[in-house]
Amino acid sequence: MPTKTIYVSDDDIKTFEQAKKLAGKNLSAIIVESLKDFIERQKSENDRYEEVRFVTGAHGENGEKRFWGKLILEWRGYDEKSKQILSVKTYRTRRNQIAATVEYRNPIENMWNNTPNHTFHPAVWGVTRKLFVAKNVSEFANVLPADVARAIVDAAKNDQTPVEFLDI
């Protein structure tokens with residue numbers, strides 16, 4: 001049977017001794033059991049994330065961005081300041097950052113008024129896609145309309161589901 005050496009700090013020796021005494025097993029069995037529990041918790045946490053693929057730029061010229069995220073907010077609406085329709089999807093990433101994918105679209109009535117002979121093609125619709133990533137949700141206030149930024153802050157707060165382990 002292979003042997004593994006685990007180095008334990010002086011501060012943690014009491015914890016190891018207490019665990020061994022309470023479990024009535026050898027320390028190796030306790031460590032393996034703990035590692036299995038840890039692996040299961042990590043797997044279930046990772047299962048909540050999905051691969052997000054997002055094409056950026058005006059016509060995809062910036063390429064595709066990919067990351068692992070969990071959807072926490074979808075928002076669609078009109079931005080008075082930019083006079084564009086926005087579609088925002090906000091994700092919590094595996095590294096606990098917040099990523100917002102944003103599509104900016106020109107409203108059809110704006111295109112109709114600005115297009116000679118009132119003809120248009122989907123390329124004229126002016127779809128621009130951007131990806132914003134922040135460690136702190138308050139950073140979105142600088143790059144997105146205020147109501148969208150507030151919605152992201154609220155969604156991020158509500159996404160933090162507290163976990164309470166019950167000894168029952």
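A salt bridge is a side-chain nitrogen of Lys or Arg within 4 Å of a carboxyl oxygen of Asp or Glu. In this predicted model, glutamate 74 and arginine 76 form such a pair, with the closest N and O atoms 3.5 Å apart. Glutamate 74 is partly exposed, at 42% relative accessible area. Arginine 76 counts as exposed, at 58%.

The structure holds seven salt bridges. Another joins arginine 53 to glutamate 51, with 3.7 Å between the closest N and O atoms. Arginine 53 is partly exposed at 49%, and glutamate 51 is partly exposed at 36%. Both belong to a salt-bridge network that links Glu51, Arg53, Glu64 and Arg66.

Now turn to glutamate 103. Its side chain meets that of arginine 129 in a salt bridge, 3.1 Å from N to O. Arginine 129 lies in strand E5 and glutamate 103 in strand E4, so the pair ties together parts 26 residues apart in sequence. Glutamate 103 is buried, because its relative accessible area is 18% and the cut-off for buried is under 20%. Arginine 129 is partly exposed, at 23%. Beyond its sequence neighbours within four places, glutamate 103 also contacts Phe54, Ile85, Leu86, Ser87 and Thr128.

Next comes the nonpolar core. The largest one has 20 residues, and Val88, Ile98, Val102, Phe140, Leu144 and Ile152 touch the most other members. Strands E2, E3, E4 and E5 and helix H4 each supply at least two residues of this core. H4 gives the most, with six. Leaving out residues up to four places away in sequence, valine 88 touches Val102 and Val148, among others. Valine 88 also touches Glu74, the salt-bridge partner of arginine 76.

Key: Residues are numbered from 1 along each chain as its sequence is written. This is a predicted model: local features need pLDDT of at least 70, side-chain atom pairs count only at pLDDT 80 or more; totals for chains, interfaces and linings use all residues. Side-chain values use heavy atoms; hydrogens and water are left out. Buried means under 20% relative accessible area, exposed over 50%, partly exposed in between (1.4 Å probe, protein chains only). Contact means heavy atoms within 4.5 Å. A nonpolar core is a set of buried Ala, Val, Leu, Ile, Met, Phe, Trp, Tyr and Cys residues joined through side-chain atoms within 4.5 Å. Helices (H or I, at least four residues) and strands (E, at least two) are DSSP runs, numbered from the N terminus.
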